[in-house]
Amino acid sequence: MADTVKATQTVIKKYANRRLYHTGTSTYVTLEDLATMVQNGEDFVVYDARTGDDITRSVLTQIIFEQENKAGAENLLPVAFLRQLIRFYGDSMRTMVPSFLEFSMANFAKDQDGLREKFAHSFGPAAFQNAIEQQVRTNMNFFGDAMKMFTGFAPPAGTQPSPPPAPTAFGGGELDDLKRQMLEMQQRLEALAKK
């Protein structure tokens, strides 16, 4: 359990009374404190104090839920995105979604740092905010296009689908068709990543 945790990770224990205990500072913390830790780049892992189970994922999800429900706060996750995400829980492409989201967020964070630096020096905070909003829209469009490819293998607007291959003597036409679709999907993802 905690012995295998990296030295840079802080261990948080969650007790039955829902209290979160920060073992590094020997204090109780709130979800808001954990959100601040994440925003500051501090790495932590959360264990159930009774069972020893790693519950970091559910606690991080709870933090997102709390942030999205703050009164007067601007929501980060659009309703259409949330619906699409829920649809993927029962979809056969479910296994590809986590790595795609992780890749997309890493690229967005990398782009965000570059944009922040350029606009902070050139135009000030207002221009930076507009650029970030535009980048978010672009990334959401990219994500939406990629998810359409995952779910329906439909070609993006303006492209022509390849003709289906002839069936083989062993009835492998369906397998060949699936391979062709996967190759097309990979090519589209690479083309979208270059934009």
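Reader: Is E32 buried, partly exposed or exposed?

Author: This is a predicted model, and the class is read from the computed accessible area. The partly exposed class lies between the limits of under 20% for buried and over 50% for exposed. E32 has a relative accessible area of 41%, so the residue is partly exposed.

Reader: With which residue does the side chain of E32 meet in a salt bridge?

Author: The structure holds one salt bridge. Its distance, N to O, is 3.3 Å, and the definition asks for a nitrogen of Lys or Arg within 4 Å of a carboxyl oxygen of Asp or Glu. The partner of E32 is K70.

Reader: How many residues apart are E32 and K70, and which parts of the chain do they link?

Author: E32 belongs to helix α1, which covers residues 31-39. K70 lies in the loop between α2 (56-68) and α3 (79-87). The pair thus links distant parts of the chain, and the separation is 38 residues.

Reader: Is K70 buried, partly exposed or exposed?

Author: A residue counts as buried under 20% and as exposed over 50%. The relative accessible area of K70 is 34%, so K70 is partly exposed.

Reader: In what order do the elements of the protein run?

Author: The protein has six helices and four strands. Read from the N terminus on, the order is β-β-β-α-β-α-α-α-α-α.

Reader: Which residues make up the largest nonpolar core, and which element gives the most to it?

Author: The core has eleven residues in all: I12, L20, V29, L34, A35, M37, F44, V46, I55, V59 and I63. At least two residues come from each of α1, β4 (44-48) and α2. The element that gives the most, with three residues, is α1.

Reader: Is L34 buried or exposed, and which residues does it touch?

Author: L34 lies in helix α1. Its relative accessibility is 0%, and the limit for buried is under 20%, so L34 counts as buried. Not counting residues up to four places away in sequence, L34 touches I12, L20, V29, F44, V59 and I63.

Reader: With which residues is I55 in contact, leaving aside its neighbours within four places in sequence?

Author: With neighbours within four places in sequence left aside, its contacts are K14, V46, Y47 and D48.

Reader: Is T10 buried or exposed, and with which residues is it in contact?

Author: T10 has its place in strand β1, residues 10-14. At 17% its relative accessibility falls under the 20% limit, so T10 counts as buried. Apart from neighbours within four places in sequence, T10 is in contact with H22, G24, M37, D43, F44 and V45.

Reader: How many aromatic pairs are there, and which residues do they link into a cluster?

Author: The count comes to two aromatic pairs. The rings of Y15 and Y21 have centres 6.5 Å apart and planes at 75°, so this pair is edge-to-face. For Y21 and Y28 the centres are 5.3 Å apart and the planes stand at 65°, so this pair is edge-to-face. The ring pairs link into a cluster Y15, Y21 and Y28.

Reader: What are the relative accessibilities of Y15, Y21 and Y28?

Author: Y15 counts as partly exposed, as does Y21, and Y28 is likewise partly exposed. The values are 33% for Y15, 22% for Y21 and 43% for Y28.

Reader: Over the ring of which residue does the charged end of R19 sit?

Author: The charged end of R19 is 3.8 Å from the centre of the ring. The ring belongs to a member of the tyrosine cluster, namely Y28.

Reader: What separates the C-alpha atoms of Q84 and G144?

Author: Q84 has its place in helix α3 and is partly exposed, with a relative accessible area of 21%. Q84 and G144 are 60 residues apart along the chain. Their C-alpha atoms are separated by 8.9 Å.

Reader: What share of the residues of the protein counts as buried?

Author: The protein exposes about 13,900 Å², and carbon and sulfur atoms supply 56% of that area. Of its 195 residues, the share that counts as buried is 24%.

Methods. Residues are numbered from 1 along each chain as its sequence is written. This is a predicted model: local features need pLDDT of at least 70, side-chain atom pairs count only at pLDDT 80 or more; totals for chains, interfaces and linings use all residues. Side-chain values use heavy atoms; hydrogens and water are left out. Buried means under 20% relative accessible area, exposed over 50%, partly exposed in between (1.4 Å probe, protein chains only). Accessible areas come from the Shrake-Rupley method with a 1.4 Å probe; for residues, only the protein chains shown count as cover. Rings of Phe, Tyr and Trp (its six-membered ring) pair if their centres lie within 6.5 Å; planes under 30 degrees apart count as stacked, over 60 as edge-to-face and the rest as tilted. A charge sits over a ring if NZ of Lys or CZ of Arg is within 6 Å of the ring centre and within 35 degrees of the ring normal. A nonpolar core is a set of buried Ala, Val, Leu, Ile, Met, Phe, Trp, Tyr and Cys residues joined through side-chain atoms within 4.5 Å. Contact means heavy atoms within 4.5 Å.
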